[in-house]
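Please keep the sequence and the coordinates in view while reading.

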Amino acid sequence: MGFRCGIVGLPNVGKSTLFNALTETVAAQAANYPFCTIEPNVGRVAVPDPRLSQLALMAGSEKIIPTVLEVVDIAGLVRGASQGEGLGNQFLGHIREVDAIIHVLRAFEDTDITHVEGTIAPLRDRDIVETELMLSDLDSLERRIPAFEKKMRHGKTADSTQLLEMMEKALKCLQEGQPVREMTVTSEERLVLQTLNLLTMKPVLYVLNVEEAGIFSGNSLTAALIPALGGAPFVIVSAAIEAEVALLGNGEDQKAFLEDLGLSETGLSRIVHEGYRLLGLLTYFTVGPKEARAWTFTQGMTAPQAAGIIHTDFERGFICAETIAFAEYIACNGEAGAKAQGKMRLEGKTYKVQDGDVVHFRFNV
């Protein structure tokens, strides 16, 4: 399953620096001028999960294959992007292609790094980007609704009537200055809204980019910003520090560097985990002597649906899922011990896979 998070924000807030650190590459050009990133850079980021290493060690697996998120570095938006300012239409199109938005806000002072607005004000920056996304959605709906109404004159269905109603509700929400994701809707209506692919329907994780001194509890800028986020998920990081950490790899040097800073994990790990949660994603594992592998699935998936992530034949010919909870797999010292203690379960087609399940799917095509 492919899940894409797009990194957005105004120019020079630390997006490309963050992307470079996330992917541990220099694929995105981090430069001190607007629009240094013209085409979106795409990287695949492993989701840190210590459970996978534990399983591999216990099973003697030759390979470890983590689950991944795809991250897209999108060039900076500016005022007027929805009308094409600063290559805005192109950039907004790139945002439309992602599943969730990582919105980087600059919350540090540095006279050597220019700001497109001239001053450092993260709440204003947040509002600029959000406004441009709303204006883009407004324009989209104002064009689509008349065309859809004309099409419906040739024949209405229950589905088309519901779709028109949701477009009109979304339009009203935007006209009142609210992003579509804040609408109160039923689960069925949410599914209809998602088919419209509106920018402000996408879930958002805010990354507050601070100086080194602010990585633990933020600073005066974040203190004013966080209450204004209205409970939206956020992570405080220093992109500059994360870039240094990434250069050290994943070994003892990185661990020592983090300990010197008083950190137990990188800010990037927290971003990836929060992005994972933002999309409602969970992980199940397949474990054997050849490999221990993590698989991404959406919360609420049944066993056949989760099996289909590995291969469509697994879903089509699903018989059952031999399932061991992660904690029980570890406590019983592996699969053999779990079987001996009656901790392996045979789950059928209606079973909803849980985070951390160690699964072996039985199927017949």
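This is a predicted model: local features need pLDDT of at least 70, side-chain atom pairs count only at pLDDT 80 or more; totals for chains, interfaces and linings use all residues.

Which residue is the bridge partner of I64 in β9? It is A292. The bridge belongs to a parallel pairing of strand β3 (residues 63-65) with β9, made over three bridges. On β9 there is also an antiparallel pairing with β8, joined by seven bridges. Within that pairing, F285 stands opposite A294 in β9, and a hairpin of three residues connects β8 to β9. In general terms, strands of a sheet pair through backbone hydrogen bonds, in either the parallel or the antiparallel sense.

The strands β8 and β9 also carry an aromatic pair. Y284 lies in strand β8 (residues 281-287) and F297 in strand β9 (residues 291-298), so their pairing ties together parts that are 13 residues apart in sequence. The ring centres of Y284 and F297 are 5.7 Å apart and the planes stand at 45°, so the pair is classed as tilted. Y284 is buried, with a relative accessible area of 0%, and F297 is likewise buried, at 0%. Both residues belong to one aromatic cluster formed by Y284, W295, F297, F318 and F361. The model has five aromatic pairs by the rule applied. Charged side chains also meet aromatic rings: R106 lies over the face of F108, at 4.5 Å from the ring centre, and R51 lies over the face of F326, at 6.0 Å.

Is helix α11 (residues 303-310) largely enclosed or largely open? Six of its eight residues are buried, so α11 is largely enclosed by the rest of the structure. The buried residues are A303, P304, A306, A307, G308 and I309. Their cover includes β8 and β9, together with α12 (312-316), β10 (318-324) and β12 (358-363).

Another part of the model is an open sheet of six strands, in the order β2-β4-β1-β5-β6-β7 and with mixed pairing. The edges are held by β2 (41-46) and β7 (234-237), each with a single partner strand, so one side of each has no neighbour in the sheet. Direction ignored, neighbouring strands of this sheet are turned by 25° against each other on average. Inside the sheet, β1 pairs with strand β5 (residues 100-106) in the parallel sense over four bridges, and the bridge partner of C5 in β5 is A100. Helix α4 (residues 122-152) touches β5 and β6 (204-209), and its direction makes about 145° with that of β5. Helix α10 (residues 267-278) touches β2, β4 (68-73), β5, β6 and β7, and its direction makes about 170° with that of β7.

R4 is found in strand β1 (residues 4-8) and, at 22% relative accessibility, counts as partly exposed. Beyond its neighbours within four places in sequence, R4 is in contact with V42, E70, V72, E97, V98, D99 and A100.

The largest nonpolar core has 56 residues, of which L18, L22, L69, I95 and I271 touch the most other members. Leaving out residues up to four places away in sequence, L18 touches V104, V207, V237, A239, L268 and I271. A second, separate core holds 22 residues, including I145, L163, V180 and L193.

Conventions
Residues are numbered from 1 along each chain as its sequence is written. Side-chain values use heavy atoms; hydrogens and water are left out. A nonpolar core is a set of buried Ala, Val, Leu, Ile, Met, Phe, Trp, Tyr and Cys residues joined through side-chain atoms within 4.5 Å. Buried means under 20% relative accessible area, exposed over 50%, partly exposed in between (1.4 Å probe, protein chains only). Contact means heavy atoms within 4.5 Å. Rings of Phe, Tyr and Trp (its six-membered ring) pair if their centres lie within 6.5 Å; planes under 30 degrees apart count as stacked, over 60 as edge-to-face and the rest as tilted. Helices (H or I, at least four residues) and strands (E, at least two) are DSSP runs, numbered from the N terminus. A charge sits over a ring if NZ of Lys or CZ of Arg is within 6 Å of the ring centre and within 35 degrees of the ring normal. Two strands pair if DSSP finds at least two bridges between them. Axes are lines fitted to C-alpha atoms, for helices over the stretch in contact, and angles run from 0 to 180 degrees between N-to-C directions.
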